[in-house]
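Please keep the sequence and the 3D view at hand while reading.

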Amino acid sequence: MTLPVHVWITSYTNVSAHAQTLTILTSHPAPASDVSQNCFAQVVEPTRGRVYFLFKYFWLRGDKMLDFFTIFSKGGIVLWCFQGTGVTESFTGPVNALIRSVILQERSGNKSFTHEALNLKYKLDNEFELIFVVGFQKILTLTYVDKLIDDVQLHFRDRYKNELEEKGAMKLLNHSFEFEGDFKMLLREAEESSKARSPAPMRSFKESEKSQKTVKSMIETKGGDKEKEQGSKKSKNTKKEELVKADVGKSTSPAPKLVENGTHGLTAEELMQKRREEFFRKRTAGAAEKVSKSPKPQKPKEKQMRVWGMSGSSTKDLDYSDKNGESSNGCDQNQDAPVDPGMQLNPMKGDLQSVECDSSDDEEEEEEERVVVNATVKTSSKKSGGFGGMFGMLKGLVGSKSLNLEDMEPVLEKLRDHLIAKNVAAEIASQLCDSVAKKLEGKVMGTFTTVASTVKQALQESLVQILQPKRRVDILRDVMEAQSQRRPFVVTFCGVNGVGKSTNLAKISFWLIENGFTVLIAACDTFRAGAVEQLRTHQRRLNSLHPPEKHGGRVMVQLYEKGYGKDAAGIAMEAIAYARNQAFDVVLVDTAGRMQDNAPLMTALAKLIAVNMPDLVLFVGEALVGNEAVDQLVKFNQALADHSMSDKPRLIDGIVLTKFDTIDDKVGAAISMTYITGQPIVFVGTGQTYNDLRSLNARAVVSALMKA
Ligand code: GDP
């Protein structure tokens, strides 16, 4: 039986100003070459047994397919641009988003980027410091874009070599680059070449192999070709396995929602979230297959008795043994805590000090460079036959060569391993190195530089860029702002168990109190025995350090607790209402530590955040973690997105990096955490006294990271 040919146009939709969608039911003929085809369903009509293939066709209209093509310098000067016919939207928004979310965030390892309905493909020309960007509707499949972008880059460089070599922003600004004609020609060529490669027309049933088969040949004979049978069984099994895998993937990661952080309302942030969401999705899907995780940090699984005074300021251990959960109703104002005579804390007024790390001395770098130089000397002395020595060495040093991937690969390999050794998650180390390679490819090295030093410097800059906060983080100012609105500033702390949530929450309380703010601690870890008492001890301690007499009779810190087993979201809500009534400046919400895979607890956390809408959601993570950091953050964020009831779920918007004092120069977790979330490290815990709280110093961290 042959299948009938049906062409059935069901609808026309305007996809954009320059593309229309025709939904066509057809089995034959194949689409014309100027039509981009997208088969999205196959329908079998039950009564007549006809098979329809449901296609989406996009009517292409030559240069109207592209929204825009622009060439600009890395300094931001637009040298030339083309706008598709009928396109009215400006391309500034998408291009700015690309710069903010990709170029400035060291994510240029990829060649494309999506912004709302647009797909952007870009290419960096590092030699002339140019960026080529083409934008088109993401619903379209344009196979020629890569070729077009390459061709345009070559042509533009060739044509304006002299002007570009002069560089200088003023010169570029004053020069007009007439490129329309060339561009249209290149576009036509690229389109033609893609047509030439367009898929072969679909075969009719008659032409197919199946039509040649007789019914007999299709009947399987027992004991026939066993191997064949086994083979087919095997392939069936693997197919099954694949399906199971896919299912597992599905069940562990339900179709993620559009992840957007409602707090900041920045387009760049939204974009980042989207990109990150993709990353999370990939990771969570792949998580099941992942075997090689970094060894978990040797952290005590059970709570251990803490020793205060690692940094020498205080001496007494905190002892909770006599406070077995006597739970007052609601607020605990008890201030008669024993004042630790050994506790000598320094004042912490104003902004926090930043962390100091040992800065690197570049000895190792020198050594590395010597290796590169030596290699160059060898080759150059061979070539120059006798003019080795000094001359050869100089030749190796004086950069006249543009960087290519082959030259960079050994250096990048080394740097990648170095980053991993410093505790940067392996996946992120690789992505960073790829991004640096993309950034440098084709760039002409400066005089007296080597490949190693150029690559290293670029990586260093990228790392600083990653750590530098993308948005203003000034909690003291934000608290004052909330004060002026007569509402408390609410911070939620979340993270896995034992990372230092309560301890650092107490340190942050101390810092806030030192700055004259009153704090209400909401004990929302209603899960772990001892959690409430631990907070009560801190509250008493803090009040003994800042007794009401010093503050005009005002109790500076109180604990809001309802014991154990209750709904954490409800307690947080009551605490916030209480703080509002009692005019507290800040509410710090402690939540139960939870493993990132614990779905019920994750749902509870998402609920707490969704219901109470804190001003800040801080993820508390240990600086000791390696690859695990990525796993935790990805899953926390994904869980917050998945379990949230909103379309725009609230995600982590800052990080508290704890135990920074215990890691020496293995500071990689700072990079992994900021890279994954795109959010700043707001606090760094550097010990076990209330004074051991710092802000991050990107440069110091990076120099510790680069230190061999
Ligand atoms: P939670 O379960 O997340 O609330 O963790 P805790 O606050 O109870 O802290 C767990 C352990 O880590 C305690 O022994 C703390 O004293 C310790 N800790 C917390 N922050 C730091 C830090 O910045 N440096 C060091 N060295 N230890 C810390």
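The structure is a predicted model. Its protein chain has a mean pLDDT of 73. Five strands form an open sheet in the order β6-β5-β9-β8-β7, and the structure holds 16 aromatic pairs.

**Confidence of the model**

- In the protein chain, 62% of the residues reach a pLDDT of 70 or more.
- Residues 1-42 keep a pLDDT under 50 throughout.

- Strands of a sheet pair through backbone hydrogen bonds, and the pairing is either parallel or antiparallel.
- In the open sheet β6-β5-β9-β8-β7, the pairing is antiparallel. The edge strands are β6 and β7, each of which pairs on one side only.
- On average, neighbouring strands of this sheet are turned by 15 degrees against each other, with direction ignored.
- Helix α1, residues 92-103, packs on the sheet and touches β5, β7, β8 and β9. The direction of helix α1 makes about 125 degrees with that of β7.

**Strand β8 and its two partners**

- Is strand β8 largely enclosed or open? Of the 8 residues in β8 (residues 118-125), 6 are buried, so the strand is largely enclosed by the rest of the structure.
- Strand β7, residues 112-115, is joined to β8 by 4 bridges, and the two strands run antiparallel. Ser-112 has Lys-121 in β8 as its bridge partner, while the partner of Thr-114 in β8 is Asn-119.
- The hairpin of β7 and β8 has 2 residues between the strands, and in this hairpin Glu-116 takes a positive phi near 45 degrees.
- On pairing with strand β9 (residues 130-137), β8 forms 8 bridges in the antiparallel sense. Leu-124 has Ile-131 in β9 as its bridge partner.
- Between the strands of the β8 and β9 hairpin there are 4 residues, and Glu-129 in this hairpin takes a positive phi near 55 degrees.

**Aromatic side chains**

- A pair of aromatic rings is described by two quantities, the distance of the centres and the angle of the planes.
- Phe-69 and Trp-80 form a tilted aromatic pair, with 6.4 Å centre to centre and 50 degrees between the planes.
- Which parts does this pair tie together? Phe-69 lies in strand β5 (residues 66-73) and Trp-80 in strand β6 (residues 78-83), so the pair links parts that are 11 residues apart in sequence.
- Phe-69 is buried, with a relative accessible area of 0%. Trp-80 is also buried, and its relative accessible area is 6%.
- A further tilted pair consists of Phe-156 and Tyr-160, with 5.1 Å centre to centre and 50 degrees between the planes. Both Phe-156 and Tyr-160 are buried.

**A charged side chain over a ring**

- Where does Arg-554 lie relative to Phe-584? Arg-554 lies over the face of Phe-584, at 4.8 Å from the ring centre.

Key
Residues numbered from 1 in each chain as written. Predicted model: local features only at pLDDT ≥ 70, side-chain atom pairs only at ≥ 80, totals over all residues. Heavy atoms only, no water. Phe/Tyr/Trp six-rings, centres within 6.5 Å; stacked < 30°, edge-to-face > 60°. Buried < 20%, exposed > 50% of the residue type's maximum accessible area, 1.4 Å probe, protein only. Lys NZ or Arg CZ within 6 Å of the ring centre and 35° of its normal. Pairing = 2+ DSSP bridges. Axes fitted to C-alpha atoms, helices over the stretch in contact; angles between N-to-C directions. Contact = heavy atoms within 4.5 Å. pLDDT = per-residue confidence, 0-100.
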